[in-house]
Amino acid sequence: MTGAPAAAAPGVVRRVLTAPRRWSVAGQTFALQVLVAVLVVVAGLAGAYLQASRYSTEEATAKVVAVAKSVASTPLVARAVQQPDPSRVLQPLAEHVRLRTGTDFVVIMSPRGVRYSHPNPAEIGKVFIGHIAPAAAGGQVVEDYTGTLGPSRRAVVPVSDHGRVVGLVSVGVRKAEVSATVRQQLPVLFAAGVAAALLCGLGTAVVARRVRRQTRGLGARELQEMYDYHDAVLHAVTDGLVLTDLEARIRVANDEAARLLGLPDDAAGRRADELGLPEPMVATLTDDAPRQDELQIAGGRALVVSKAVAVAGRRPLGYVVTLRDRTDLLALTGELDSARSLSEALRSQAHETSNRLHTIVSLIELGHAQRALAFATDELAQAQGLTDAVVGAVSGEPALTALLLGKSAQASERGVEFRIEPGSQWPEGIAPAADVVTIAGNLLDNAFEAVSQAPAPRRVTLDARVCDGSAVLTVSDNGPGLTGDVEQAFRRGYSTKAAGQAGRRGVGLALVAQSVTRLGGEIEVHGPPGARFVVRLPWGGGR
């Protein structure tokens, strides 16, 4: 450590620790919805204006056609157009009709277009400006045209007398009047548009507020980066990670957790007790009790399990369960314990051998060579006898034989009567040698520990048989036996002693259970008084 870094300026720290603020998702949503609302209102106003304009035009058209046909069907008009001075009768009539109907002009003319009436008397006698040919042929003309009064919407119909066209009637409304009618509707349309915009704005503000609260005011890019980073970290960590909600449903499980627990692909959203997990793991994932470095066996693996509450602010969201695979480490620990036991036995034998050698040398120096020879021969015979007894008692697996030799010496040193049942056999190939050493070594260590505080005689017995397609290993002792929850002893690492170095106490039975489960076997426990562990492993056709 070179010391704590110097404090940076507040502005610099902010630039280092946080990304530049961008528009939040709520802000973007609000802006987008406002823009959409404005576009919709504008489009609606434009559509309403166009519709009102078209409606006014259609209304003006219907009006001028109806007035023109009404005038043309009047008998007085048909007679007057055939008199020598039509204007004297038709001009007053046309003006009267124009004023009563609210039109801008009513022009009665000859079939060739010579006016007999006009709002401007000066135009009487002049030729009508517009298209009249279809009307002169007995049809009808409806058009927008610019005449003496300006642009207008007009209709031209024939005046008939017994099937013969004797005159024409044109009625029109200036376009300015049509536009004025549309403009009168604009305030109503504008008010409706403003009301719609206000309602859209209010709804948008409510939605934006809700989105801002749910996204914590973060921007879209920030949310995307957060998801990408969290997802990458979640799947990159080497420990298993499971997140459950308050109803014990799996919400998140990373790749390592799915591998260790054998979770199906559809585990997310399902309750933990629906996934076929071992009962201890189900209890861990469903109850509300915290856990710290608890040893469990799941899927044939030794897992160190921790559990804590996940809290957002002051509101609990669920639970975070971490799983650390310690299978290989505990297996190595078991092998190390076995090797340590062997080394301690060898050390004690070396110490005894040194004493015996000193005794032999001293006997020779004192001139008792025959006694020295007899003493050495007797000790060699005892050691060979122990070796022959173990080798003869257990045939088959060399690793088990070597282990039992070490355990025999260890038992002798600790004052324990270690007995191997005659005829015991453990054929080679029933299980990997490492698993055999783990199972037998840990069961014997537990038995030695169990009888170490018991009064003499202290007995530990081992029996190995093959029957009915199974290999059966039995380790029994005359100690106090297992007390309490036997299943808990296997699932969490049971020990009646204080924790030893590096916290290695209490893992022996868990290692045994892990190896037996992985090999597809089973364990039975009998007692008290005493304890008898029976391990059955499938062999041959029974595997």
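Figure 1. Strands here are DSSP runs of E with at least two residues, helices are DSSP runs of H or I with at least four, and both are numbered from the N terminus. Two strands pair if DSSP finds at least two bridges between them. E2 and strand E3 (residues 150-161) run antiparallel and are joined by seven bridges. Val-142 has Ala-155 of E3 as its bridge partner.

**A note on the model.** Residues are numbered from 1 along each chain as its sequence is written, and side-chain values use heavy atoms, with hydrogens and water left out. Because the model is predicted, local features need pLDDT of at least 70 and side-chain atom pairs count only at pLDDT 80 or more, while totals for chains, interfaces and linings use all residues.

**Figure 2. Strands E5 and E6 form a hairpin.** Strand E5 (residues 240-245) and strand E6 (residues 250-253) run antiparallel, with three bridges between them. Leu-243 stands opposite Val-252 in E6. Four residues lie between the two strands. In this hairpin, Ala-248 takes a positive phi near 65 degrees.

**Figure 3. Glu-256 is a buried residue of helix H8.** H8 covers residues 255-261. The relative accessibility of Glu-256 is 17%, so this residue counts as buried. Buried means under 20% relative accessible area, exposed means over 50%, and partly exposed lies in between (1.4 Å probe, protein chains only). Which residues does Glu-256 contact, leaving aside its neighbours within four places in sequence? They are Val-237, Thr-238, Asp-239 and Gly-240. Contact means heavy atoms within 4.5 Å.

**Figure 4. Glu-95 and Arg-98 form a salt bridge.** A salt bridge is a side-chain nitrogen of Lys or Arg within 4 Å of a carboxyl oxygen of Asp or Glu. The closest N and O atoms of this pair are 2.6 Å apart. Both residues lie in helix H4 (residues 86-101). They are three residues apart, about one turn of the helix. Glu-95 is buried, with a relative accessible area of 16%. Arg-98 is buried too, at 18% relative accessibility.

**Figure 5. Arg-115 forms a salt bridge with Glu-123.** Their closest N and O atoms are 3.4 Å apart. Arg-115 is buried, at a relative accessible area of 3%. Glu-123 also counts as buried, at 15% relative accessibility.

**Figure 6. A salt bridge joins Arg-324 and Asp-293.** The N to O distance is 2.1 Å. The pair links distant parts of the chain, 31 residues apart. Arg-324 lies in strand E9 (residues 315-325), and Asp-293 in strand E7 (residues 291-298). Is Asp-293 buried or partly exposed? Asp-293 is partly exposed, with a relative accessible area of 43%. Elsewhere, Asp-287, Arg-291, Glu-294 and Lys-307 are linked in a salt-bridge network. The structure holds 19 salt bridges.

**Figure 7. The largest nonpolar core has 34 residues.** A nonpolar core is a set of buried Ala, Val, Leu, Ile, Met, Phe, Trp, Tyr and Cys residues joined through side-chain atoms within 4.5 Å. Phe-418, Trp-426, Ile-439 and Val-460 touch the most other members. Elements giving two or more residues include helix H12 (398-414), strand E11 (417-420), strand E13 (459-467) and strand E16 (531-538). Helix H13 gives the most, with nine residues.

**Figure 8. Helix H15 is largely enclosed by the rest of the structure.** Why is H15 described in this way? Nine of its 11 residues are buried. Among them are Gly-508, Leu-511, Gln-514 and Val-516. H15 is followed by Gly-520, which has a positive phi near 80 degrees.
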